[in-house]
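Open the model in your viewer and keep the sequence panel beside it. The tour goes from one selection to the next.

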Amino acid sequence: MIDIHSHILPDIDDGARTVEESMEIIKNASKNGVTDLIVTPHFILGSDYDANNVIKRKLVTKLKRCITKEKLPINIYLGN
């Protein structure tokens, strides 16, 4: 199953606040059959939701490392 809308990037929008919380969401998604997860943080220019793509890519890379370390069978991709 592919989840095409998630707010798992830590401290970016109204989703996960920490990497640990992000990983709990990812683990639960994997347990429920999700194999691919597209990260779709809010982006509203001039608001609290305006993190740039450099920051988002770094966070996705960090989460990918955690996923690999935990040996979880799930892929994440940056959308938005």
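This is a predicted model. Select Ile76 to begin. Leaving aside residues up to four places away in sequence, Ile76 touches Ile8, Leu37, Val39, Val60, Leu63, Lys64 and Ile67.

Next, show the core around this residue. The largest nonpolar core has 18 residues, and Ile76 is among those that touch the most other members, together with Ile26, Leu37, Leu63 and Ile74. Colour helix 1 (19-31), strand 2 and helix 2 (53-70): each supplies at least two residues of this core. In soluble globular proteins, nonpolar side chains tend to be buried together.

Three of them form an open sheet, in the order 1-2-3, with parallel pairing. Strand 1 (2-6) and strand 3 (75-78) are at the edges with a single partner strand each, so one side of each has no neighbour in the sheet. From one strand to the next, the twist averages 20°.

Zoom in on strand 1 and strand 2, which covers residues 36-39. Three bridges join this pair in the parallel sense. Select Ser6 and look across to strand 2: which residue stands opposite Ser6? The residue there is Val39.

The last stop is Ser30, in helix 1. Is Ser30 buried or exposed? Its relative accessibility is 16%, and the limit for buried is under 20%, so Ser30 counts as buried. Show the contacts of Ser30: with residues up to four places away in sequence not counted, Ser30 touches Pro73 and Ile74.

Technical notes
Residues numbered from 1 in each chain as written. Predicted model: local features only at pLDDT ≥ 70, side-chain atom pairs only at ≥ 80, totals over all residues. Heavy atoms only, no water. Pairing = 2+ DSSP bridges. Helix = DSSP H or I, 4+ residues; strand = E, 2+ residues; numbered from the N terminus. Axes fitted to C-alpha atoms, helices over the stretch in contact; angles between N-to-C directions. Core = buried A, V, L, I, M, F, W, Y, C linked by side-chain atoms within 4.5 Å. Buried < 20%, exposed > 50% of the residue type's maximum accessible area, 1.4 Å probe, protein only. Contact = heavy atoms within 4.5 Å.
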